[in-house]
Amino acid sequence: TSLIVTAIIVTFAVAAKASLKTSGKPSKFQAFAEFLVETFRSMVKGVAESDKKVEIFTPVILSFFMFIIMNNWFGLLPGVGTIGFKEEPKEVQLVTSVRASEEVAPLAGESQAPAQEATAPKRKEAVFVPYFRAGTADLNTTIALALISVILTQVYGVYFQKHHYFGKYINFSSPINFFVGLLETVLEFAKIMSFAFRLFGNIFAGEVLLMVIAFLAPVIAGLPFLFLELFVGAVQALVFAMLTLVFLKIACEGHGDHPETQHAH
């Protein structure tokens, strides 16, 4: 599913580039592409402020948003998550306990172990595996997105602040600053967990909700929840993108770049 979504995004970008017109009336497709890019560019401009940061951050934030929202909505298409195959459980070697007297005689001074009857292995049922499901409903995908977001934060932090960036993690100027540096280090790992489980939890819970509603009251009763999941999918994509943008801004500005410091100067 993620590969399909990626192919759609790349196709959209290539088509938008090919449809650009420098003169005359632009097509509706070009107008939509320009509206999408300019909206996110203005959003990033309002947070990052610097033109250089806007040029760097806009493609990253827009890519996060488009990839996540399309994965979220892909799971709402008919047949996604419901059409698949049954996978037979793999055979495992089951070790059963036998009477201690039949296996090994107890050593001198040891008490006789209580007899344990052999247990019959339970038959496992086949597991249903769908051909397609929303990529963000899988924890592997959300963890990967979270890792990319946090790693990019470190990369751009070093790019804009050079070696001064590591001062917030390793600071021996005072015991308080050293303790704050440890908290900042733990916070980076907490961001990964927060990003991954927030997105995964919302999308996976939406899938479960739609399945339950479809089972209890099919067709009409599920429509309100379907529109709700469309809204939730868009909100979660925007939240992920905006949090990444805020963390990028914080990582790329030094102590002297804060508005409070500039006002004091």
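Lys191 and Glu188 sit 3 residues apart, about one turn of the helix, and both belong to helix α6. Their side chains meet in a salt bridge, with 3.2 Å from N to O. Both Lys191 and Glu188 are buried. Please keep in mind that this is a predicted model.

## The overall layout

Let us step back to the whole chain. The protein has 8 helices and 2 strands, and along the sequence they follow the pattern α-α-α-β-α-β-α-α-α-α.

Of the 265 residues in the protein, 29% are buried. Among contacts between residues at least 6 apart in sequence, 72% join residues at least 24 apart.

## The other salt bridges

The count of salt bridges comes to 4. One of them joins the side chains of Glu207 and Arg133, at 3.2 Å from N to O. Glu207 lies in helix α6 (residues 175-216) and Arg133 in the loop between β2 (127-130) and α5 (139-161), so this pair ties together parts that are 74 residues apart in sequence. Glu207 counts as buried because its relative accessibility is 17%, under the 20% cut-off. Arg133, with a relative accessible area of 28%, is partly exposed.

Another salt bridge is formed by the side chains of Asp51 and Lys45, at 2.4 Å from N to O. Here Asp51 is exposed, with a relative accessible area of 51%, while Lys45 is partly exposed at 36%.

## Helix α2 and its two sides

Now follow helix α2, which runs over residues 28-48. At 1.5 Å a residue, its 21 residues should span 30 Å, and the end C-alpha atoms are 30 Å apart, which agrees.

Which residues of α2 are buried? They are Gln30, Ala33, Leu36, Phe40, Val44, Val47 and Ala48. These residues cover an arc of only 135° around the axis, which puts them on the same side of α2. What covers the buried residues of α2 includes α1 (2-18), α3 (51-74) and α7 (223-252). On the other side of α2, Lys28, Phe35 and Gly46 are exposed.

## Two positive phi angles

Backbone angles give us another stop on the tour. Most residues other than glycine have a negative phi. Lys162 is not a glycine, yet its phi is positive, about 55°. The place of Lys162 is in the loop between α5 and α6. Glu49, which follows α2, also has a positive phi, near 70°.

## The largest pocket

The tour ends at the largest pocket, whose volume is about 600 Å³. It is lined by 24 residues, and the closest to its centre are Val80, Thr82, Glu207, Leu210 and Met211.

Which elements each supply at least two residues of the lining? They are β2, α6 and α7. The largest share of the lining, 7 residues, comes from α6.

Definitions and conventions:
Residues are numbered from 1 along each chain as its sequence is written. This is a predicted model: local features need pLDDT of at least 70, side-chain atom pairs count only at pLDDT 80 or more; totals for chains, interfaces and linings use all residues. Side-chain values use heavy atoms; hydrogens and water are left out. Buried means under 20% relative accessible area, exposed over 50%, partly exposed in between (1.4 Å probe, protein chains only). Helices (H or I, at least four residues) and strands (E, at least two) are DSSP runs, numbered from the N terminus. The expected span of a helix is 1.5 Å times one less than its number of residues. The arc is that of the directions from the helix axis to the C-beta atoms. Contact means heavy atoms within 4.5 Å. On a 1 Å grid over the protein atoms alone, a cavity is a set of points where a 1.4 Å probe fits but cannot get out, and a pocket is an open set with protein on both sides within 12 Å along at least five of seven lines; lining residues have an atom within 4 Å of a point. Grid points are joined across faces, edges and corners, and a volume is the space filled by probe spheres set on the points.
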